[in-house]
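I opened the model to look up its aromatic rings. My notes follow the structure.

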Amino acid sequence: MRYNYGQTRGGWRRALVGVIPGGLLHMGYLTRSDFLRLSGLATAGICAQALLSSCSPGTTTPAATTTAEAPGTDGVKMGVSIWSSTDPLGALSVDIIRQAANALGAEVVVVDHAYVPERVTASVETLAAAGCDGIVVCNATDAEMASIIRSCDDNDVYVTQFYRHIREDGQEAGPTGVRALAEASRRYVGAVHGDEAACGVALMQALLEKGGPSGGGARHVGLVGWVEGDVAFQQRLGGLQQALDEWNAAHPDDTATLFDPIYAGLTAGGGARAVESLANAHLDMDALVVAGGGGDPLVGALGWLERAGRVGQVSVVACDFPDDLADRLASGEVLMAAGGDLCDPLFALVLTYQAVTGKLIVSEGDLGRELVVPHVHVSDAEGYAAFEASSLDRPPCSDDEVRELADLSFEGLRERAEDLVQDRAVAGDN
């Protein structure tokens, strides 16, 4: 199934409302690059306004942003708890949520948490205190979800995870475990996330088969993560290790090694320091996996390799799509990148909206609804250009299509997500 968005390439023009130093940024239409340049500045101004109005003296809360209430709103207020609303992936994710919420006539409040555990949990409390009816959250660890679920139950606020879900293994046992809390909750809606293990498998296979200085396969693989304990990173690591183990079992005379991860946080500087540490500790490193962080750690890692004269000697695969990925792929700086289709925040918003408005009934005794979204893998500039045209230059769905989604059953949403992702993944894969 192919949807007619009625958009030309580059035609997704976004509306941004907010207060910036020096005056009011009126409702305007921005290109994607304009949005990414301005969102950090606008966020700072909106943050100041939101904090002045919502924080009592001596209280510290994460930064918050808000959109103007959409015309025709039915009074629904949706909260977004995200690592960053200003880095490339975070800004685009928030933009997708805002577009969908506007189509549904809902107000949006955004809080950044930088994957700091206490800020993740505090962000949900802040959104609940702001009067949000439902919250979509990109958390870091399952431990945070226990506090988040309790807070949402206490405040009668629905919550859905995006880019994350509660793991099936390694959970605390007993009635206070996070899975038990989610199952008992009347406010935990579920999760929309990518197949992170499959992503790790694909990236490692690319390195083992096509990486290394000669292109005949890398055998000494460094790993940069963004925060220890993150659910998505742990699952990607599991996929990387699975592919490595399968390779080593099939090639006992040509085995490969995956080094212990170095964590970079969310910054380019962190990415540079992480790859420098790996390179100094493992002089034979011929490949690198940058497994997340929103894109900035990848940019920092690539910058360090260039300054060190290691481009071409160390093959790089990544789990994020920086804005200049086409150039990086064409130059050989990046061998392959895997990215989400960006349907995760859209469908999480729709599921939460359905719960708030009574379309979806959340029952005790189950773990909530779960939508698994496959990743898109690109290994050349043409493949990325196709993905960009299908996924970055236009929203996942038009306003009318968003409203149609809100009327579907969960099974209908699952089918629509599969159709949409398959269509866009085929466009971007190669």
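I took buried as under 20% relative accessible area, exposed as over 50% and partly exposed as in between, with a 1.4 Å probe and protein chains only. The model is predicted, so I kept local features at pLDDT of at least 70 and side-chain atom pairs at pLDDT 80 or more, while totals for chains, interfaces and linings use all residues. Numbering runs from 1 along each chain as its sequence is written, and side-chain values use heavy atoms, with hydrogens and water left out.

Burial: Tyr115 counts as buried at 7% relative accessibility. Trp226 is buried at 5%, and Phe233 is buried at 1%.

Pairs: I found 7 aromatic pairs in the structure. Rings of Phe, Tyr and Trp (its six-membered ring) pair if their centres lie within 6.5 Å; planes under 30 degrees apart are stacked, over 60 edge-to-face, the rest tilted. Tyr115 and Trp226 have ring centres 6.2 Å apart and planes at 40°, so I logged this pair as tilted. The pair joins distant parts of the chain, 111 residues apart: Tyr115 lies in the loop between β5 (107-112) and α3 (117-129), Trp226 in the loop between β9 (220-225) and α7 (231-250). Helices (H or I, at least four residues) and strands (E, at least two) are DSSP runs, numbered from the N terminus. Trp226 also pairs with Phe233, centres 6.1 Å apart and planes at 75°, so that pair is edge-to-face.

Cluster: I noted one aromatic cluster formed by Trp83, Tyr115, Phe162, Tyr163, Trp226, Phe233 and Tyr263.
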